[in-house]
Amino acid sequence: MYEQIASNKRRSAALIFGFVILLVLVGVVVGQLIGGGPMASIVALVIAAVMAFTSYWKSDSIALAVSCAVPADPTTYQRLHNLVEGLCIAGGLPKPKVYVINDPAPNAFATGRNPKNAAVAVTDGILKILDKRELRGVLAHEISHIQNRDI
């Protein structure tokens, strides 16, 4: 398992690094085409760095905002919170933030940059059609993404 986690971290770093390099190369090409010289490359590097930083630190907030997720009220969604907490205790993980999306389609996802800053979101649709055992299975799958750091 630890090898898989290390591999996921290396792949994520390589992806972000490759993204920055690609944008810098695009900046160089555009700079050559429009006669901007090295300034276009510097601008591309700054833009790429800002985008990479934002992607790493704010990707969870962006994913939750795009999906219109709202924090799951612990009283209203007590069963959901209890299932997530129980699975996290069993897995030795901190409890992620729990969100609900107002959507009739059955779906769930995990997001975040590490287990301490993770979140799990589920739709109203999945809460309505799955029983407790089935929902536990879906949540276990999402928590496994958090544990393996492939979120």
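1. Let's start with a helix pair: H1 and H2 cross in a right-handed way. A crossing gets that label if the near helix is turned clockwise from the far one by less than a right angle, and it is left-handed if the turn is anticlockwise. Helices (H or I, at least four residues) and strands (E, at least two) are DSSP runs, numbered from the N terminus. Before going on, note that this is a predicted model, where local features need pLDDT of at least 70 and side-chain atom pairs count only at pLDDT 80 or more, while totals for chains, interfaces and linings use all residues. Residues are numbered from 1 along each chain as its sequence is written, and side-chain values use heavy atoms, with hydrogens and water left out.

2. How are H1 and H2 arranged? Their axes are 8 Å apart and the packing angle is about 155° (axes are lines fitted to C-alpha atoms, for helices over the stretch in contact, and angles run from 0 to 180 degrees between N-to-C directions). H1 and H2 are therefore roughly antiparallel. For the cut-offs: under 35 degrees is roughly parallel, over 145 roughly antiparallel, 65 to 115 roughly perpendicular, and the rest oblique.

3. Which residues bring these two helices together? On the H1 side you'll find Ile16, Phe19, Val20, Leu23, Val24, Gly27, Val28 and Gly31, and they meet Ala40, Ser41, Ala44, Leu45, Ala48, Met51, Ala52 and Tyr56 of H2. Contact here means heavy atoms within 4.5 Å.

4. Setting aside neighbours within four places in sequence, Ala40 is in contact with Gly27 and Gly31.

5. Ala14, in helix H1 (residues 2-34), is partly exposed at 49%. From Ala14 to Ile151 the separation is 137 residues in sequence and 15 Å in space, C-alpha to C-alpha.

6. Now the core. The largest nonpolar core has 21 residues, and those with the most contacts inside it are Leu80, Val84, Val122, Leu127, Leu135 and Leu139. Such a core is a set of buried Ala, Val, Leu, Ile, Met, Phe, Trp, Tyr and Cys residues joined through side-chain atoms within 4.5 Å. Helix H3 (78-91), strand E2 (97-101), strand E3 (108-112), E4, helix H4 (124-129) and helix H5 (132-147) each give two or more residues to this core. H3 gives the most, with five. A second, separate core of six residues includes Ala69, Tyr99, Ala119 and Ala121.

7. H3 and H5 also pack against each other, at about 50° with axes 10 Å apart. That angle makes H3 oblique to H5. The residues in contact are Arg79, Leu80, Leu83, Val84, Leu87, Cys88 and Gly91 from H3, and Lys132, Leu135, Arg136, Leu139, Ala140, Ile143 and Gln147 from H5. The H3 and H5 crossing is right-handed. Zooming in on Leu135, and skipping neighbours within four places in sequence, its contacts are Arg79, Leu80, Leu83, Leu127 and Leu130.

8. Is Thr123 buried or exposed? Thr123 is buried, at a relative accessible area of 4%, and it sits in strand E4 (residues 118-123). Not counting residues up to four places away in sequence, Thr123 touches Ile101, Asp103, Ala105, Pro106 and Asn107. A polar atom of its side chain lies 3.2 Å from the backbone nitrogen of Ile126.

9. Last, have a look at two backbone angles. Most residues other than glycine have a negative phi. Cys68, though, has a positive phi near 60°; Cys68 lies in the loop between helix H2 (38-66) and strand E1 (69-71) and is exposed at 58%. Arg149 also has a positive phi near 60°, in the segment after H5, and Arg149 is partly exposed at 29%.

Note on methods. Buried means under 20% relative accessible area, exposed over 50%, partly exposed in between (1.4 Å probe, protein chains only). A polar contact is a pair of N or O atoms within 3.5 Å; within protein, one must be able to donate a hydrogen and the other to accept it, and residues adjacent in sequence count only if both atoms are side-chain atoms.
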